[in-house]
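Here is a walk through one structure, taken a region at a time.

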Amino acid sequence: MTTQKEDLPAFMKRRGFVYPSSEIYGGLAGTWEFGHIGKLMKDNLNKVWKNFFLNLDDNFYEIEGSLIMPEDVFKASGHLDNFDDPLAECFKCGTTERADKIIEEKLNQREESATNEELLKILQDNNINCPKCKNKFEKVTSFNQMFPLTYGPKGGQTVYLRPETAQTPYLNFKLQHELLRKKLPMGLATIGRAFRNEISPKNSLIRCREFEQAELQIFFNPKNINDEKISDTANFSDIKNEKLIVMLQNKRDTPTKEMSPKELEKYGLPKFYIYYMTKVQDYILNVLKIPKEKFRLYELNDKEKAFYNKNHFDMEFFSEELNDWIEIGGVHYRTDHDLEGHEKVSKTKLTVLDEETKERFIPHVLELSFGHWRSFYILLEQHLQYDKKRENNILKLPKKLAPIKVSIFPLISKKEFQATAREIHNDLIENDIISSFDKSGSIGKRYARADEIGTPYCITVDHDSLESGVVTVRDRDTTEQVKIHKDKIVGTIRDLINNKIKFSSLR
């Protein structure tokens, strides 16, 4: 019997969310498999993300591109020259670690801006040694994270797996701008795989070599960056009453503070940037249901942020499992770096025409970037709770993110009970409501299984169901139960999931 909240990686594997890839061959570091429950939840996370961000503007669309790209793409983007991490090496046993991250883990201090020489000195001065053989690290060098591939039967062309999804919208910008009637702002979103040869992948889905990102690249005219009007449907005044939870680069010795959009504007951030910072925070707090005290927008300084970013705030979540703040995404004002680089290397004009001034310019880019697997991880960490009364883990996910929305239980194994339960189950499935059918074990055990994987509602078919068509619906979070006629199940469950009604109103 479970007596406390389970270790998260163990729980994810036991319940079919996530487990190591190629496990029967000993596993492959930094790669993961999503089981039957995890895949359903990840698909729901994709839907929720798209529903939120693509509806911020009429001119925001999702596209999908290749995972493999030619070498020139990454010459233009700067990845071949600058996409490096500091590699700490142990010459005795061959162990490698990412120098800045092992320092952060051991000393609880960030050193993203330190040089390789400075990192080595910190390691040695603080006796941060090889975790395997305890020997001193003797060297820190720059390690490029790109994954090259042999392409074609004779390997004549150098190509790479994409290290970020962002390049897909940049390569598609010219055509999509024409297809979308040459209108700005224009948003191109991509959800998909990216690949980075991480020095030391660890902490489950937090640091991987293969992972998934959800990104929205917003192309806009830089002359409009401080306009009151954000787009045809949005204005800066729409967010005037919001408070953003921020840690500014020059205030790291003080707690996070809540700042209004006007205060951030006085600080020096442009209106366009602040508007979308607010939307990102809204998504984290109100859609993923992450508590305010576990979230912050952390500003990077000039040494820490990418050289092309004019403004850079990371979204961070405080993980109790890891006892640390972890980056889950970022809001990046990338200026014209990306399109200008691709124009130069590809020899393709990527300028657009300003209809008012008749001047041509290269659009600037605001990037909203999410580590999608990290979002998946923090959802499980935040919403998995141990209920002492039920003596069981309860996964209290937001209902739209729950892998399975309803579990159907025939009270006993007689054919007529199972037939009615199957009828309800099939009706829900036909109406695009993911349902499961469970006839094994006591009702209590079936409730416990459903609670553990986050199923919001359970429906029991009993004698009343056969006589009068009434079934019992149970709420995951409160364990309250109500009687509903089976003909009303589909509409009621849909309204509950979409928060149009409360369970208490059904009594």
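T472 stands opposite K483 in strand 28. Strand 27 (residues 470-475) and strand 28 are antiparallel partners, joined over 5 bridges; two strands count as paired if DSSP finds at least two bridges between them. Helices (H or I, at least four residues) and strands (E, at least two) are DSSP runs numbered from the N terminus. This is a predicted model, where local features need pLDDT of at least 70 and side-chain atom pairs count only at pLDDT 80 or more, while totals for chains, interfaces and linings use all residues. Residues are numbered from 1 along each chain as its sequence is written, and side-chain values use heavy atoms, with hydrogens and water left out.

Axes here are lines fitted to C-alpha atoms, for helices over the stretch in contact, with angles from 0 to 180 degrees between N-to-C directions; contact means heavy atoms within 4.5 Å.

Next, look at helix 5 (residues 99-107). Which of its residues are buried? They are A99, D100, I102, I103 and E104, where buried means under 20% relative accessible area with a 1.4 Å probe, protein chains only. These buried residues pack against strand 5 (84-89), strand 6 (96-98), helix 6 (116-125), strand 7 (139-144) and strand 18 (324-335). Just after helix 5, N108 has a positive phi of about 55 degrees.

On a 1 Å grid over the protein atoms alone, a cavity is a set of points where a 1.4 Å probe fits but cannot get out, and lining residues have an atom within 4 Å of a point. Grid points are joined across faces, edges and corners, and a volume is the space filled by probe spheres set on the points. The count comes to 1 cavity of 30 Å³ or more. About 40 Å³ of space lies in the largest cavity, and its lining is made up of D57, D58, K183, P185, S231, D232 and T233.

How values were computed
1 Å grid on protein atoms, 1.4 Å probe; cavity = no way out; pocket = protein on both sides within 12 Å on 5 of 7 lines; lining within 4 Å. Buried < 20%, exposed > 50% of the residue type's maximum accessible area, 1.4 Å probe, protein only.
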